[in-house]
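Visitor: I'm new to looking at protein structures. Could you walk me through one?

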Amino acid sequence: MLEEEEEEEVEEFLGILVIILLVQVAAAVLGYLFTDKVIDRTEKFMRKAVVRYRDDLDLENVIDFIQKKFQCCGVQSYKDWSENVYFRCSDENPSVEACGVPFSCCLKIQNQTVLNTMCGYGVQEADQQGAAEDVHTAGCLSSILRWAGTNALLVGGVTAGLLLLEVCMISLAAAQVSRIRKVRLQKKLYEESRGASRSRERKDSYWYPAHFDDE
């Protein structure tokens, strides 16, 4: 009974791994064939993330990390932050951050010990040349695509490594299923052979009374 449950669990795990692998391969193929649509969807997703900035702390941390890592600001440019209610550049916006950008857009100053979280205030009112003195003006979408193109071998190597790891896990799970089935088969054959042997022993132990012919 335990062996059957173990086999079912391993088979379920194997099935999940295979499905994940197939989904990843399909996504990679579709992404390659429909690159423009993938970029368009990615841009829409990033713009929604900009709108929701400050509404979700985890999302805020992710956006700040991306802007710092890729030295970028917004989706296409730093002025995309006007789509966020806190940074919207309009006279009706009462926020103190109006016409500004998050601090993660700011240029890193050498030997800076205290982080200036107000460095991006009002930069949307400046032109690109003026804003470039304080913040990164390039959009994150183009920066990420440029990084991916420059590090295509690294990205491909990491992807291939992850796929190889998944293939190894699938192989181990398949080997485990095969081993469990082999053990169950051997146990079944052993029990059948024991049952046949006991049956012959009982048959051989039967006592038949002697018959004497009358003379």
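Visitor: How do the elements of the chain run from the N terminus on?

Guide: Start with the overall layout, and keep in mind that this is a predicted model. The elements run α-α-α-α-α-α from the N terminus. That gives six helices and zero strands.

Visitor: How much of the chain is buried?

Guide: Of the 215 residues, 24% are buried. The chain exposes about 16000 Å², with carbon and sulfur atoms supplying 59% of that.

Visitor: Let's zoom in on one helix. Which residues of helix 3 are buried?

Guide: Here's the general idea first. An α-helix has 3.6 residues a turn, so residues three or four places apart point the same way. Now for this case: Leu59, Glu60, Ile63, Asp64 and Gln67 are the buried residues of helix 3. Looking down the helix axis, these buried residues fall within an arc of 135 degrees, so they line one face of helix 3. Asp58, Phe65 and Lys69 are exposed on the other side.

Visitor: And what happens at the start of helix 3?

Guide: There, a side-chain oxygen of aspartate 56 comes to within 3.0 Å of the backbone nitrogen of aspartate 58. Just after the helix, glutamine 71 has a positive phi of about 50 degrees.

Visitor: How many aromatic pairs does the structure hold?

Guide: Four. To read a pair, check how far apart the ring centres are and how the planes are angled; over 60 degrees counts as edge-to-face. Phenylalanine 70 and tryptophan 147 are an edge-to-face pair, at 5.9 Å centre to centre with 80 degrees between the planes. This pair links distant parts of the chain, 77 residues apart: phenylalanine 70 is in the loop between helix 3 and helix 4, while tryptophan 147 is in helix 5. Tryptophan 81 and phenylalanine 87 have ring centres 5.5 Å apart and planes at 70 degrees, so that pair is edge-to-face too.

Visitor: Are tryptophan 81 and phenylalanine 87 buried or exposed?

Guide: Tryptophan 81 is buried, at 0% relative accessible area, and phenylalanine 87 is buried at 0% as well. Along with Tyr53, Trp81 and Phe87 form one aromatic cluster.

Visitor: One more: where is asparagine 93 found?

Guide: Asparagine 93 is in the loop between helix 3 and helix 4. A polar atom of its side chain lies 2.7 Å from the backbone oxygen of arginine 88. Among the residues that asparagine 93 touches are Val85, Tyr86 and Ala98.

Definitions and conventions
Residues are numbered from 1 along each chain as its sequence is written. Side-chain values use heavy atoms; hydrogens and water are left out. Helices (H or I, at least four residues) and strands (E, at least two) are DSSP runs, numbered from the N terminus. A polar contact is a pair of N or O atoms within 3.5 Å; within protein, one must be able to donate a hydrogen and the other to accept it, and residues adjacent in sequence count only if both atoms are side-chain atoms. Contact means heavy atoms within 4.5 Å. Buried means under 20% relative accessible area, exposed over 50%, partly exposed in between (1.4 Å probe, protein chains only). The arc is that of the directions from the helix axis to the C-beta atoms. Accessible areas come from the Shrake-Rupley method with a 1.4 Å probe; for residues, only the protein chains shown count as cover. Rings of Phe, Tyr and Trp (its six-membered ring) pair if their centres lie within 6.5 Å; planes under 30 degrees apart count as stacked, over 60 as edge-to-face and the rest as tilted.
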